[in-house]
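Please open the model in a viewer and keep the selection panel at hand.

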Amino acid sequence: MRPKTETAPRGALRLAVLGLAASLVLPLYASAAFALSEIKREEIPAPVMPPKPATEENATPEKSVPMPEPIQTPATTPPADTEEPADEQPAEPQDATPTEPGGATGPAAPNLDPDGPLPEIVYDLSRLPGPVARMRTLLVEAAKTGDIEKLRPLVGQGESMPQLSFGDIEGDPIAFIKGLSGDGEGQEILAIMEEVLNAGYVHLGEGTDEDLYVWPYFFGIPLDKLDPRQKVELFKIVTAGDYEDMKQYGAYVFYRLGITPEGRWAFFVAGD
């Protein structure tokens, strides 16, 4: 039988053991807690402070966006004295001389008064003065031959020559007429001349320096005044496309031929 020894009561022994354990554990726990708190404190970023409002003391002009200079109102400069000397005043404007369409002038250029009375359209050749009728007949007969040289005796020379262009003609006038013909031989121009002289005519400028008998009569009538029957006669000489082009001038600007009361061939031109 084991002999009984003096032992502390079990309760007191348990309390002693727990006290010893506590004395050993609490310092370790406290040390770990302290270290953990230190780690967390170092990992927390420093708070970002809001920027201070810019003032004259802390402004950083080298990093700021430059502002434009304020708009300056220029000083008003008194106008210079522009008064012209009395002896250098501009002359009074002259009344502009009206020009014909395209700048052409003279009796061969269209010169129509849309509000004026229309000239009489004449088909009766017996009403022509003798010299005029004779020149017309000679021109028609020459055209019918198909030989452009047949016009040479009728052209004349110097101031008696008919106007064949609104510009200057250099060289032989018959060669010039021949050059106008699309076929190169002159037959086209001769055909146009015959067709023009077979149309009705008008007597323009009667009693003036520009007294003329002109073929075809369309030359003296505004295009918008032509009736349907007259347009049919017009299309015997020009195409519908030519007619549309001439509308911008309001006048007939294809070939026309004029003869003076004395029987001189005055012009045979086309254009405006």
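Select Arg256 and Val269; the latter, in strand 4, is the bridge partner of Arg256. The model in view is a predicted one. Now extend the selection to both strands: strand 3 and strand 4 run antiparallel and are joined by four bridges. Together they make a hairpin in which five residues lie between the strands, and Gly263 in the turn has a positive phi of about 90°. Keep strand 4 (residues 265-269) selected and display its surroundings. Five of the five residues of strand 4 are buried, so this strand is largely enclosed by the rest of the structure.

Four strands form an open sheet in the order 1-2-3-4, with antiparallel pairing. At the edges are strand 1 (202-204) and strand 4, each of which pairs on one side only. From one strand to the next, the twist averages 25°. Strand 2 (212-215) is joined to strand 3 by three bridges, and these two strands run antiparallel.

Which strand holds Tyr213? Tyr213 is found in strand 2, and its bridge partner in strand 3 is Ile259. Colour Tyr213 by accessibility: at 9%, under the 20% limit, the residue counts as buried. Next, select His203, which is ten residues away from Tyr213 in sequence and 4.6 Å away in space, C-alpha to C-alpha. Leaving aside residues up to four places away in sequence, Tyr213 touches, among others, Leu128, Pro129, Val132, Tyr201, His203, Leu257 and Pro261.

Select helix 2 (130-145). Helix 2 lies across strand 2, strand 3 and strand 4, running at about 140° to strand 3. Then move to helix 5 (residues 187-197), where the buried residues are Ile189, Leu190, Ile192, Met193, Val196 and Leu197. Turn the view to look down the axis of helix 5: its buried residues fall within an arc of 160°, so they line one face of the helix. Against what do the buried residues of helix 5 pack? Their partners are helix 2, helix 4 (173-180), strand 2, strand 3 (256-259) and strand 4.

Show the rings of the aromatic side chains; the structure holds nine aromatic pairs. One of them joins Tyr123 and Tyr217 in an edge-to-face arrangement, 6.0 Å centre to centre with 70° between the planes. This pair links distant parts of the chain, 94 residues apart: Tyr123 is in the loop between helix 1 (10-43) and helix 2, and Tyr217 is in the loop between strand 2 and helix 6 (228-234).

Next, select Phe219 and Phe267, a tilted aromatic pair with 6.5 Å centre to centre and 50° between the planes. Phe219 lies in the loop between strand 2 and helix 6, and Phe267 in strand 4, so the pair ties together parts that are 48 residues apart in sequence. Phe219 counts as buried at 4% relative accessibility, and Phe267 counts as buried at 1%. To complete this stop, select Tyr123, Tyr217, Phe218 and Tyr252 together; these residues form one aromatic cluster.

**Last stop: the chain as a whole.** The protein chain has seven helices and four strands, which follow the pattern α-α-α-α-α-β-β-α-α-β-β along the sequence. Of its 272 residues, 26% are buried. Among contacts between residues at least 6 apart in sequence, 59% join residues at least 24 apart.

Finally, colour the chain by pLDDT. The mean pLDDT is 75, and 61% of the residues reach 70 or more. Select residues 1-44, where the pLDDT is below 50; beyond near neighbours in sequence, this stretch has one contact in the model. Then select residues 88-102, where the pLDDT is likewise below 50; this stretch has ten contacts in the model beyond near neighbours in sequence.

Methods
Residues are numbered from 1 along each chain as its sequence is written. This is a predicted model: local features need pLDDT of at least 70, side-chain atom pairs count only at pLDDT 80 or more; totals for chains, interfaces and linings use all residues. Side-chain values use heavy atoms; hydrogens and water are left out. Rings of Phe, Tyr and Trp (its six-membered ring) pair if their centres lie within 6.5 Å; planes under 30 degrees apart count as stacked, over 60 as edge-to-face and the rest as tilted. Buried means under 20% relative accessible area, exposed over 50%, partly exposed in between (1.4 Å probe, protein chains only). Contact means heavy atoms within 4.5 Å. The arc is that of the directions from the helix axis to the C-beta atoms. Two strands pair if DSSP finds at least two bridges between them. Axes are lines fitted to C-alpha atoms, for helices over the stretch in contact, and angles run from 0 to 180 degrees between N-to-C directions. pLDDT is the predictor's confidence in each residue, from 0 to 100.
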